[in-house]
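Dear colleague,

Please find below the structure I am handing over to you, with its sequence. My findings follow directly after it.

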Amino acid sequence: VQLQACGGGLVQAGGSLRLSCVASGFIFDEYAIGWFRQAPGKEREFVARISWSGAMTYYADSVKGRFTISRDNAKNTVYLQMNFLKPEDTAVYYCAADRVTGTSSGQYSTWGQGTLVTVSS
């Protein structure tokens, strides 16, 4: 069971990035996916989540209207489109999977390795 997050990088404030989370080793379309992030010196926080079918999504208030989560079950991939990025979005972004969706990191059983997003002012 593996999740591979990628797509991070350095971007100027106001710019965009798209993160990908590619899954392998399990039946992907039976699992909800969540994105979390952890900034230096801070606790890991919830960013967005999507149900197994993609029909239901939920966002943290801090990213609502700027980030969009989506999935392509045929490609075993979940995306996080991040627009109008701010310096405070700088963090390592992680994707996580579980059969039951939620906003708490403790609810997710499988985690990817993280990808670094740095937003310069």
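The side chain of R71 reaches the side chain of N73 in a polar contact of 2.7 Å; please note that the model is a predicted one. A polar atom of the R71 side chain also lies 3.3 Å from the backbone oxygen of W52. R71 itself belongs to strand β7, which spans residues 67-72.

Which side chain of opposite charge is nearest to R71? It is that of D29, at a distance of 6.9 Å. A salt bridge requires a nitrogen and a carboxyl oxygen within 4 Å, and R71, although buried, has no salt bridge. When neighbours within four places in sequence are left aside, the residues in contact with R71 include F28, D29, Y31, A32 and I33. I50, S51, W52, S53 and G54 are also among them, as are T77 and V78.

Salt bridges elsewhere in the model

Side chains of opposite charge can pair when their charged atoms come close.

The side chains of R66 and D89 form one of them, with an N to O distance of 2.7 Å. This pair links distant parts of the chain, 23 residues apart: R66 is in the loop between β6 (57-59) and β7, while D89 is in the loop between β8 (77-82) and β9 (91-98). Are the two partners buried or exposed? R66 counts as buried because its relative accessibility is 10%, and D89 is buried as well, with a relative accessible area of 0%.

E45 and R37 form another salt bridge, in which the closest N and O atoms are 2.6 Å apart. E45 has a relative accessibility of 35% and therefore counts as partly exposed, whereas R37, at 5%, counts as buried. R37, E45, R66 and D89 are joined in a network of salt bridges.

In the salt bridge between K64 and D61, the closest N and O atoms are 3.1 Å apart. K64 is partly exposed, with a relative accessible area of 48%; D61 is exposed, at 65%.

Residue S20

S20 is placed in strand β3, residues 17-24. Its relative accessibility is 12%, so S20 counts as buried. Where does the chain bring L80 relative to S20? Their C-alpha atoms are separated by 6.5 Å, although the two residues are 60 residues apart along the chain. Leaving aside neighbours within four places in sequence, S20 is in contact with Q4, A5, C6, W35, T77, V78 and Y79.

The chain as a whole

The chain has 11 strands and zero helices. Its radius of gyration is 13 Å, which agrees with the value near 14 Å that a compact globule of 121 residues would have. Along the principal axes, the C-alpha atoms fill a box of roughly 40 × 25 × 25 Å.

Of the 121 residues, 45% count as buried. The accessible surface comes to about 6,100 Å², and carbon and sulfur atoms account for 50% of that area. Among contacts between residues at least 6 apart in sequence, 56% join residues at least 24 apart.

With kind regards

Conventions:
Residues numbered from 1 in each chain as written. Predicted model: local features only at pLDDT ≥ 70, side-chain atom pairs only at ≥ 80, totals over all residues. Heavy atoms only, no water. Helix = DSSP H or I, 4+ residues; strand = E, 2+ residues; numbered from the N terminus. Buried < 20%, exposed > 50% of the residue type's maximum accessible area, 1.4 Å probe, protein only. Lys, Arg positive; Asp, Glu negative; His and termini not counted. Polar contact = N/O pair within 3.5 Å; in protein donor to acceptor, adjacent residues only side chain to side chain. Contact = heavy atoms within 4.5 Å. Rg over C-alpha atoms; globule rule 2.2 N^0.38 Å. Areas by Shrake-Rupley, 256 points an atom, 1.4 Å probe, with all protein chains shown as cover.
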